[in-house]
Amino acid sequence: MVSQTVDLLKNELPLEQESVVLPEDVVNGLVLVDIINGFCSVGAGNLAPREPNMQITGMINESARLARLFCDKKLPVLAFLDSHQPNKPEEPYPPHCIAGTDESKLVPALQWIENEPNVTIRRKDCFDGFLGSIEDDGSNVFVDWVKNNHIKAILVVGICTDICVLDFVCSTISARNRGFLAPLEDVIVYSRGCATFDVPLHVARNTKGALSHPQELMHHVGLYMAKERGAIIANEVSLLTPKKP
Ligand SMILES: [Zn+2]
């Protein structure tokens, strides 16, 4: 029943995805959104999965693989880490990813990137990494990262497809369209490198304050809405130079 509903909705919202080859003669940047224990590691906190989850595991594997590729090529990588002060809750969600706790740390498969010279870590206390990059003096860590590295395309992966990934993509595309992000052109969301959480309707109905959030459907909707803003949705990504015919 549930999967039939998802299929019906996917028929109404067909999502065309692309196989993207990132050219090596321009700078491509990788953005990792919130791939931290509090959202990804089983039992790690209020918003962590309760049991192993295939979509989340796949997202971690693909993100770690891409991070390795980008680091091997010394390409710029920016990692957002959700990180909240205990006295500033983020409604409608329960307390999560409190600064300094294990929840707000990168998942084990990605912890190694903290020591890589091409990686920038940005802790943020809001959904949207673009807004979360604003410093007290008005400068923006993400905007500076794009400009200083002359990034032409960003590849976005992480969690949640329909929340923090989507918000970041929307703000970034509006900023790009207004001319704040030159030389950035392409915003690519890699679908297999993204995931969201699963709260089926029957669980939400029995959980005070919970919103229904069926994983597969919301993942699809998140990608669809990113595409509506002008993001490129990729189901395959490679960094190789295309073979000449
Ligand atoms: Zn948060």
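1. Basis. This is a predicted model; local features need pLDDT of at least 70, side-chain atom pairs count only at pLDDT 80 or more, and totals for chains, interfaces and linings use all residues. Residue numbers start from 1 along each chain as its sequence is written.

2. Overall form. The chain has 7 helices and 7 strands, where helices (H or I, at least four residues) and strands (E, at least two) are DSSP runs numbered from the N terminus. Their order from the N terminus is α-β-β-α-α-β-β-α-β-α-β-α-α-β. The C-alpha atoms fill a box of roughly 55 × 45 × 35 Å along the principal axes.

3. Burial. Of the 245 residues in the chain, 38% are buried, meaning that 20 or more other C-beta atoms, placed from the backbone, lie within 10 Å of the residue's own.

4. Annotation. UniProt, in an unreviewed entry, places "domain: Isochorismatase-like" at residues 30-204; such annotations may be inferred rather than shown by experiment. This span is 28% helix and 20% strand, with its end C-alpha atoms 34 Å apart.

5. Strand β3. Because 6 of the 6 residues of β3 (residues 77-82) are buried, the strand is largely enclosed by the rest of the structure. Val77, Ala79 and Leu81 cover one side, and Leu78, Phe80 and Asp82 the other. In a regular strand the side chains alternate between the two faces of the sheet.

6. Pairing of β3. Strands pair if DSSP finds at least two bridges between them. Strand β2 (residues 27-33) runs parallel to β3, joined by 4 bridges; Val33 has Phe80 as its bridge partner. Strand β4 (residues 119-124) also pairs with β3 in the parallel sense, over 6 bridges, and Leu81 is partnered by Arg123 in β4.

Notes: Buried ≥ 20, exposed ≤ 12 C-beta atoms within 10 Å, placed from the backbone.
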